[in-house]
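Student: Hey, can we go through this structure together? I'm new to it and would like to start with a pair of side chains.
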Amino acid sequence: QKMPPSLPATINIREPRWDQSTFQGRAKHFFMVTDPRNLLLSGATLEEARRVVEDYRAGTVHPGLTEDQLWRAKYIYDSAFHPDTGEKMILVGRMSAQVPMNMTITGCMLTFYRTTPAVLFWQWVNQSFNAIVNYTNRSGDAPITPSQLGTAYVSATTGAVVTALGLKSLTKHLPAIIGRYVPFAAVAAANCINIPLMRQRELKLGIPVTDENGNRLGESTAAAQKAIFQVVVSRIGMAAPAMAIPPVIMNMLEKRAFLKRYPFLNAPLQVSLVGLCLVFATPLCCALFPQKSSMPVSSLEPEVQDQIQKKDPWLETVYFNKGL
């Protein structure tokens with residue numbers, strides 16, 4: 001006799017588990033998405049999660065599967081496989097790699113900021129990592145061409161290096177603590193260049209806007225501008241605590257005898273402090289804005305407004321995916 005399925009086949013695992021209209025719900029979602037422990041999962045575990053998710057979406061419920069196990073499989077699947085193409089993503093480009101990779105790179109940027117070669121090297125490493133992340137998490141609707149990727153990479157790296165070297169020369173005669181904030185200014189400048197360039201196709205052609213039920217209504221460049229602005233703010237917000245708090249602590253510690261006696265501990269200590277900040281800053285800043293963002297129809301371009309009014313004259317709000 002066939003066992004009845006333990007779960008109904010009606011749970012919507014295409015959407016996050018928690019209410020995304022609240023900051024708390026978004027934060028819980030992104031703490032799961034950015035969990036670095038997902039990087040340690042074996043290939044067999046990832047494939048099993050993929051099988052559970054794909055079978056469930058197709059209407060097949062594995063016997064004995066509980067709701068918690070289903071959501072766990074969904075988040076494991078989401079952490080490793082591209083949402084549009086279904087391909088397994090490059091390890092260092094996954095959202096779960098953000099904390100360990102960024103803590104290492106940011107910690108080194110903050111430690112080795114005194115010499116020009118070190119500034120050049122670590123800003124280059126940071127932008128190379130950003131290029132991998134942006135390529136890995138590209139949208140299936142708007143694929144990034146190699147030329148766009150190259151332009152964004154070169155422009156962001158140049159912007160970061162020019163900002164870092166320019167500010168470094170300006171802060172020579174200022175207190176040492178000011179010089180420690182040069183890497184943050186460079187990273188903020190690079191984000192303002194990198195993200196719009198990486199998503200230039202969206203700025204030219206627009207991104208899909210939908211009604212509340214996900215019915216596509218057209219493409220809007222105004223929605224693209226809002227989406228990219230929100231992502232830039234989130235990325236700068238992610239970097240801010242990790243690049244603002246450790247310099248103050250390290251400035252105090254370097255005046256003590258302990259670090260003077262053991263200078264080799266400088267870099268590990270800096271990386272650890274940055275990691276502690278990033279564990280919280282990464283998911284909390286991803287959660288600043290809903291993934292499914294919204295804007296009034298009246299704020300869209302006139303031609304898109306006309307298009308929407310023909311389909312639904314009473315519609316006041318449209319929704320769009322802001323990206324990460």
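Predicted model: local features only at pLDDT ≥ 70, side-chain atom pairs only at ≥ 80, totals over all residues.
Student: Is R37 buried or exposed?

Tutor: R37 is exposed, because its relative accessible area is 61% and exposed means over 50% (buried is under 20%, partly exposed is in between, using a 1.4 Å probe and protein chains only). Residues are numbered from 1 along each chain as its sequence is written, and side-chain values use heavy atoms, with hydrogens and water left out.

Student: Got it. Which residue forms a salt bridge with R37?

Tutor: That's D35, and the closest N and O atoms of the two are 2.8 Å apart. A salt bridge here is a side-chain nitrogen of Lys or Arg within 4 Å of a carboxyl oxygen of Asp or Glu.

Student: Are D78 and K74 buried or partly exposed?

Tutor: One of each. K74 is buried, at 4% relative accessible area, while D78 is partly exposed at 30%.

Student: Let's zoom out. How many helices and strands does the chain have?

Tutor: The chain comes to 13 helices and 4 strands. Its C-alpha atoms fill a box of roughly 70 × 55 × 35 Å along the principal axes. Of its 324 residues, 45% count as buried.

Student: And which domains are there?

Tutor: Domain 1 covers 23–88 and domain 2 covers 95–321; bounds like these come from an automatic or database domain assignment. Their C-alpha centres lie 26 Å apart. Domain 1 puts 15 residues into the contact and domain 2 puts in 22, with contact meaning heavy atoms within 4.5 Å.

Student: How much area is buried between them?

Tutor: About 1,400 Å², with carbon and sulfur atoms giving 69% of that. Buried area is the accessible area (1.4 Å probe) that two parts lose on being put together, summed over both. On the domain 1 side, R26, F30 and T34 supply 36% of the area buried against domain 2, more than any other three residues.

Student: How many salt bridges are counted between the domains?

Tutor: The count between domain 1 and domain 2 is 0. As for secondary structure, helix α1 (residues 23–33) gives the most to the side of domain 1 that touches domain 2, with 6 residues.

Student: Which residues of α1 are buried?

Tutor: They are G25, R26, A27, H29, F30 and V33. What covers them includes α3 (67–80) and α12 (266–286).

Student: New topic: where is Q230?

Tutor: Q230 is found in helix α10, residues 221–253. With 6% relative accessibility, Q230 counts as buried. Leaving out residues up to four places away in sequence, Q230 touches F289, S293 and K322. S293 is 63 residues from Q230 along the chain, yet their C-alpha atoms are separated by 9.4 Å.

Student: And what about P196, where is that?

Tutor: P196 is in helix α8, residues 182–198, and counts as partly exposed at 23% relative accessibility. P196 lies 44 residues from A152 in sequence and 8.4 Å from A152 in space, C-alpha to C-alpha.

Technical notes. Helix = DSSP H or I, 4+ residues; strand = E, 2+ residues; numbered from the N terminus.
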